[in-house]
Amino acid sequence: MNEEKRILIIEDDQEISKLLQVILTKMGMAPVSAYSGTEGLLQLKSNPFDLILLDLMLPGISGEEFITQVREESAIPIIVISAKVGIEDKVQVLKMGADDYITKPFHQKEVEARVEVQLRKSIGQPSQKDEKVWRGLTIFPEKLSVTLENKSLQVTNAEFDILFLFMSHPEHAFSKREIYEKIWKGTYVGDDNTISVHISNLRRKMAEVTPEEYIRTIWGVGFMLV
């Protein structure tokens with residue numbers, strides 16, 4: 001799965017950048033480093049990449065500004081790697097469109113696991129023609145695309161995986177723990193807001209197309225496709 005995968009590292013600390021390069025190279029990937037948000041945007045416009053590892057505190061264009069600009073045109077997976085440890089910082093960048101968040105200092109195994117998750121085409125590796133339909137919602141695993149009432153829905157990699165999970169089990173209530181562990185394959189931390197933010201982003205995008213409810217909060221349980 002990892003052959004030929006090109007990963008853009010945007011990190012101004014050269015030692016951390018080199019460490020990430022070593023980790024990714026050992027995983028069989030092709031890392032490319034940029035040392036500012038501006039340089040990162042230029043790399044992204046000039047070359048194809050499968051994933052971005054992004055620091056937030058960068059010279060020139062900040063990580064937050066970078067996410068905002070990229071999400072206007074692309075759904076490429078973005079993992080933020082930052083020394084900012086506050087929940088509010090994490091929530092902010094996830095709302096902007098980041099797919100995941102790793103805090104510094106990080107462990108090599110954590111980086112490997114989260115990179116693997118974001119590079120998966122979709123959870124469960126569905127067959128290439130395994131389209132799923134629920135009411136006006138259609139998901140195309142082979143294209144990693146989603147339509148709602150025949151209109152394209154721009155979703156991130158994490159949002160796609162959540163929708164695929166829901167559409168594989170419609171009208172089944174998933175707890176945050178279930179969603180997190182099925183998609184991120186890690187141990188769920190109770191105060192983690194990752195799932196809630198991704199669900200909120202999906203609802204907002206759907207509301208721009210239709211007033212119909214598709215994702216319902218089941219109080220005391222979690223979320224369900226309706």
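Tutor: What follows is a chat about some side chains, some backbone features and a pocket. This is a predicted model, where local features need pLDDT of at least 70, side-chain atom pairs count only at pLDDT 80 or more, and totals for chains, interfaces and linings use all residues. Residues are numbered from 1 along each chain as its sequence is written, and side-chain values use heavy atoms, with hydrogens and water left out.

Student: Okay, where does Leu-148 lie?

Tutor: Leu-148 lies in strand S8, residues 145–148; helices (H or I, at least four residues) and strands (E, at least two) are DSSP runs, numbered from the N terminus.

Student: And is Leu-148 buried or exposed?

Tutor: Leu-148 counts as buried because its relative accessible area is 0%, where buried means under 20%, exposed over 50% and partly exposed in between, using a 1.4 Å probe and protein chains only.

Student: Which residues does Leu-148 touch?

Tutor: Leaving out residues up to four places away in sequence, Leu-148 touches Gly-136, Leu-137, Leu-153, Met-206, Val-209, Thr-210 and Tyr-214, and contact here means heavy atoms within 4.5 Å.

Student: Where is Arg-135 in the chain, and what is its phi?

Tutor: Arg-135 lies in the loop between strand S6 (132–134) and strand S7 (137–140), and its phi is near 50 degrees, a positive value in a residue other than glycine. With a relative accessible area of 41%, Arg-135 is partly exposed.

Student: What about Asn-150?

Tutor: Asn-150 also has a positive phi, about 65 degrees, although it is not a glycine. Asn-150 is in the loop between S8 and S9, and it counts as exposed because its relative accessible area is 78%.

Student: Switching topic, how many aromatic pairs does the structure hold?

Tutor: The structure holds one aromatic pair. It is formed by Phe-166 and Phe-174, which are stacked, at 5.8 Å centre to centre with 20 degrees between the planes. Rings of Phe, Tyr and Trp (its six-membered ring) pair if their centres lie within 6.5 Å, and planes under 30 degrees apart count as stacked, over 60 as edge-to-face and the rest as tilted.

Student: Why do Phe-166 and Phe-174 count as buried?

Tutor: Phe-166 counts as buried because its relative accessible area is 0%, and Phe-174 because its relative accessibility is 2%.

Student: Which peptide bond is cis?

Tutor: The bond from Lys-104 to Pro-105 is cis, with omega near -5 degrees, and Pro-105 is found in the loop between strand S5 (100–103) and H5.

Student: Last one: where is Glu-64, and what does it touch?

Tutor: Glu-64 is in helix H3, residues 63–71, and it is buried, with a relative accessible area of 14%. Not counting residues up to four places away in sequence, Glu-64 touches Leu-56, Lys-84, Gln-92, Val-93 and Met-96.

Student: Oh, and the pocket, how many residues line the largest one?

Tutor: The largest pocket is lined by 24 residues, of which Ala-75, Pro-77, Lys-143, Leu-144 and Asn-157 lie nearest its centre. On a 1 Å grid over the protein atoms alone, a pocket is an open set of points where a 1.4 Å probe fits, with protein on both sides within 12 Å along at least five of seven lines, and lining residues have an atom within 4 Å of a point.
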